[in-house]
Amino acid sequence: MSAQATWEEAGAVIEGTTSDMLLLLENEELLLEEQEGQLIAEIDTVLSPVVDFDYISKLVMGKYYRKASKDQRVAFSAVFKTTLLKTYAKALLGFQIKTYAMVPPKRKSPDKRKQIVTVDVFAADGTKFSIVYYMKKKEEGWRLVNALLDGINLRLTFKNQFAEMVQKNRGDVGAVIDHWKEKVDPGKSEA
């Protein structure tokens, strides 16, 4: 398998997902504020087969992953997934993305199991945003493991937030997870 064919496979996953997201935005009823829960559920349906939420949450936890219990790891993965889904929903609504263009790679990846796929998205007002997706080939297919939005590394940003919160909470990973959950899903924390 050539590197170009490999990029094309990873790119096809991103292109299909991007196309599916734009189809969601065509459903004006889903875009109403009172439909936020339904929109997030629809986004989850599109993204879950593509995004490796567990892998990303592990990297976001960083060195604290090893210190966390299995239950804490599972809890953070779930709350982090909700964070990403809500972040994505707000971005879709806020940017009012109307179209996109796949950007061919400038060079081949040195590792066929890792590909970088860039997409330029265009808002209704013509503003262009570049999204760089980091894809990794896993048993179940190509999975998204990180993204840069106009140069902002989302995984690193969340990792820094997590580490800062752990420091403020004197190393209490459980407290950080509870606080994060309350921030993302107010009133839904388990007692």
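Colleague: How do you know which residues Leu154 touches, not counting residues up to four places away in sequence?

Modeller: This is a predicted model, and in it Leu154 touches Asn146 and Ala147 once those sequence neighbours are set aside. Contact means heavy atoms within 4.5 Å, so both residues pass that cut-off.

Colleague: Why is Leu154 called partly exposed?

Modeller: Its relative accessibility is 27%. Buried means under 20% and exposed means over 50%, so Leu154, which sits in helix 6, counts as partly exposed.

Colleague: What makes one face of helix 3 stand out?

Modeller: Start with its buried residues, which are Phe53, Ile56, Ser57, Val60 and Met61. Looking down the axis of helix 3, they fall within an arc of 135°, so they line one face. What covers them includes helix 2, helix 5 and helix 6.

Colleague: How far apart are Leu154 and Val60, in sequence and in space?

Modeller: They are 94 residues apart in sequence and 9.6 Å apart in space, C-alpha to C-alpha.

Colleague: And what is the volume of the largest pocket?

Modeller: About 550 Å³. Of the 31 residues lining that pocket, the closest to its centre are Tyr88, Ile131, Tyr133, Ala147 and Leu154. Helix 5 gives the most to the lining, with 7 residues.

Colleague: How do the residues of that lining divide into nonpolar, polar and charged?

Modeller: There are 26 nonpolar, 4 polar and 1 charged.

Notes. Residues are numbered from 1 along each chain as its sequence is written. This is a predicted model: local features need pLDDT of at least 70, side-chain atom pairs count only at pLDDT 80 or more; totals for chains, interfaces and linings use all residues. Side-chain values use heavy atoms; hydrogens and water are left out. Buried means under 20% relative accessible area, exposed over 50%, partly exposed in between (1.4 Å probe, protein chains only). Helices (H or I, at least four residues) and strands (E, at least two) are DSSP runs, numbered from the N terminus. The arc is that of the directions from the helix axis to the C-beta atoms. On a 1 Å grid over the protein atoms alone, a cavity is a set of points where a 1.4 Å probe fits but cannot get out, and a pocket is an open set with protein on both sides within 12 Å along at least five of seven lines; lining residues have an atom within 4 Å of a point. Grid points are joined across faces, edges and corners, and a volume is the space filled by probe spheres set on the points. Ala, Val, Leu, Ile, Met, Phe, Trp, Tyr, Cys and Pro count as nonpolar, Asp, Glu, Lys and Arg as charged, and the others, Gly among them, as polar.
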